[in-house]
Amino acid sequence: MHNICSDCSKDFTTRTGLIQHYLQSPRHHYCQRCDRHFDSQHYLVTHLERAHYYCHPCNAIFESSLGLEDHNRQKHWYCISCKRVFQSESNLNSHLRSSVHQPSAYACPGRNCGMTFISHAALILHWESGACPSGVTREGVDRVAVRIDRGGIITNPARLIRGPDGQTTAPSSTSVETWATERSWNGSSYECFLCHRTYRTLHALNMHLRSPAHADRIYRCPAAWRGCGREFRTLSALCQHVESEQCSVHRFSNEMQTVIDTFSSNLRIAY
């Protein structure tokens with residue numbers, strides 16, 4: 001019996017030699033277990049994932065689903081309940097903190113709202129977006145945060161405005177949030193007068209101006225709690241940073257939660 005590769009017109013003395021040729025040649029896409037050829041690597045991988053217990057990153061086939069799962073647990077960033085492999089530990093942790101695995105335990109205290117969220121960051125982003133029926137806005141969030149953070153733990157006093165009475169307030173963003181008009185048209189697009197980014201529509205430019213893009217970075221990761229000192233334009237961004245465990249401040253998450261709970265109580269009174 002001849003062991004011929006019809007695609008390459010090569011004759012091998014043994015069946016083993018022919019199979020090794022299939023496996024080693026980039027011209028062939030061969031499943032040794034099924035003795036099948038495929039038109040492309042994509043079709044081969046699709047077959048391996050559907051017909052076998054296959055680990056794509058390791059290019060390895062296992063005898064059972066338990067064998068593959070045990071391999072994934074030991075070698076990869078793997079969500080056991082979802083049976084998904086992630087590219088990094090950070091991606092896996094983000095998945096585990098998402099609504100897929102976390103209950104919506106944080107209720108919005110705003111009047112006539114009642115929405116729930118999976119994290120403090122998500123709740124505060126809801127307020128900052130202006131979507132809460134209570135009427136709270138990003139400016140309102142900043143005002144309350146500055147008022148209750150008298151020790152300057154999460155806000156930066158150097159970026160705040162001190163009034164004649166000695167009280168500090170967040171910088172006003174009125175100038176930034178002024179609605180752009182047709183005068184923003186530069187002949188080909190609508191241009192932001194602050195950063196000179198351009199937009200196809202006037203609405204898109206105004207959405208940009210009303211975003212935190214040009215807000216002062218009044219929040220900071222607290223150095224007093226072994227934070228990295230990184231600065232943020234919004235409280236939600238700071239909370240996301242803490243929740244992501246990107247620096248040592250996550251060890252003080254209970255203290256941060258106390259700050260946010262106090263903030264929520266004050267916001268409930270204000271709105």
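Reply: First, a term: helices (H or I, at least four residues) and strands (E, at least two) are DSSP runs, numbered from the N terminus. This is a predicted model, where local features need pLDDT of at least 70, side-chain atom pairs need 80 or more, and totals for chains, interfaces and linings use all residues. Residues count from 1 along each chain as its sequence is written, and side-chain values use heavy atoms, without hydrogens or water.

Me: How do the axes of H5 and H8 cross?

Reply: At roughly 170°, coming within 8 Å, with H5 covering residues 120-128 and H8 235-243. That makes H5 roughly antiparallel to H8 (over 145 degrees, between N-to-C directions of lines fitted to C-alpha atoms over the stretch in contact).

Me: Which residues make that contact?

Reply: From H5, His120, Ala121, Ile124, Leu125 and Glu128. H8 brings Leu235, Ser236, Cys239, Gln240 and Glu243 (contact is heavy atoms within 4.5 Å).

Me: Switching topic, what does Trp127 touch?

Reply: Leaving out residues up to four places away in sequence, Trp127 touches Cys108, Pro109, Cys132, Val136, Thr137, Arg138, Val141, Phe263, Ser264 and Leu267.

Me: Last one: what domains does the chain have?

Reply: The automatic or database assignment gives domain 1 (1-42), domain 2 (52-102), domain 3 (106-173 + 215-270) and domain 4 (177-211). The C-alpha centres of domain 2 and domain 4 are 45 Å apart.

Technical notes. Axes fitted to C-alpha atoms, helices over the stretch in contact; angles between N-to-C directions. Parallel < 35°, antiparallel > 145°, perpendicular 65-115°, else oblique.
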